[in-house]
Amino acid sequence: MSAVAERRTMRSTRRRPSWRHLPAAPVSLAIGAVAWELVGRLAGVSFFPPLSTVLARLADMISGGLIVPSLADSLVNLVLGFAISLGAGLAVGVAMGRYRKVEAALGVYVYALLTAPSLVFAPIFFSLLGEGRGAIVAVVVMYAMFVIIINTASAIQSVPASLIEMARSYGAGERQVLLRVMLPAAAPMIMAGVRLGVGRAVTGMINGEMFIAVVGLGRIVTQAGGRFDGASVLAVLVVIIAVALGAVALVQAVDRRITRWVPKTSRGDR
């Protein structure tokens, strides 16, 4: 009888729904949406309308042909700026992490530019590159590149010396050590820097469009802000957040493919 009762208890436990099985991200977004709607309705202020009002305004802007062309311009700026940031960031970061002389020569500049407010360079880029895509892309690079450099250099320096010595003992040259040992071992930490960089790149894209050329999504935000149109500003903000989440999700997909060899316990999966 005890065995039968135990089996019944196990079956009832399996049938019982558990909040642990709910996907965390959709639940969090749903809670945030409900909170936004309630706060917007209870506050009753024009600069923070309810989410339903913002989504209705977003639908009007999309149907009116305002969002899609601006979004396309912004995505071009983002892709160009982030591609330059990624290529230069990885190259400089690997060099700084592998060679002490390179770190000594470039480290002071990298850390100084990382901590400096990136937007202060916007007038410089405007005067050098003019009012166009080049200046906006340069702002995106200033926002994203240095955090990629720092994370890549730290990742290379954190590779255990025993791995390098083992590769040397098997006759590996400098190129083989770098490409087949150090980069794979440092890949998880490098990709963490890339995720940070893509988020900063989205911020640089919007700031560059608002303060240099007034194009893309930044143009809509600037114009709506000048009219004190809070619903339109927040509608564009929803689009910007969607772009940022999509970019981070793409980087995470690449990260999972590159670091498939990393055990799940090392990733902190539960």
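The largest nonpolar core has 43 residues, and Ile67, Met182, Leu217 and Val236 have the most contacts inside it. A nonpolar core is a set of buried Ala, Val, Leu, Ile, Met, Phe, Trp, Tyr and Cys residues joined through side-chain atoms within 4.5 Å. The model is predicted: local features need pLDDT of at least 70 and side-chain atom pairs count only at pLDDT 80 or more, while totals for chains, interfaces and linings use all residues. Residues are numbered from 1 along each chain as its sequence is written, and side-chain values use heavy atoms, with hydrogens and water left out.

**Exercise 1.** Determine whether Phe121 is buried or exposed, and locate Phe121 in the chain.

*Solution.* 
- Step 1: Buried means under 20% relative accessible area, exposed over 50%, and partly exposed in between (1.4 Å probe, protein chains only).
- Step 2: The relative accessible area of Phe121 is 18%, so this residue is buried.
- Step 3: Phe121 is placed in the loop between helix H5 (100-115) and helix H6 (122-129).
- Step 4: Leaving aside neighbours within four places in sequence, Phe121 has contacts with Leu113, Ala116 and Met142.

**Exercise 2.** Classify the ring pair of Trp36 and Phe48.

*Solution.* 
- Step 1: Rings of Phe, Tyr and Trp (its six-membered ring) pair if their centres lie within 6.5 Å; planes under 30 degrees apart count as stacked, over 60 as edge-to-face and the rest as tilted.
- Step 2: By this rule there are two aromatic pairs.
- Step 3: The centres of the Trp36 and Phe48 rings are 6.0 Å apart and their planes are at 25°, so this pair is stacked.
- Step 4: Trp36 lies in helix H2 (residues 24-43) and Phe48 in the loop between H2 and helix H3 (51-63), so the pair ties together parts that are 12 residues apart in sequence.
- Step 5: Trp36 is buried at 19% relative accessible area, whereas Phe48 is partly exposed at 26%.

Technical notes. Helix = DSSP H or I, 4+ residues; strand = E, 2+ residues; numbered from the N terminus. Contact = heavy atoms within 4.5 Å.
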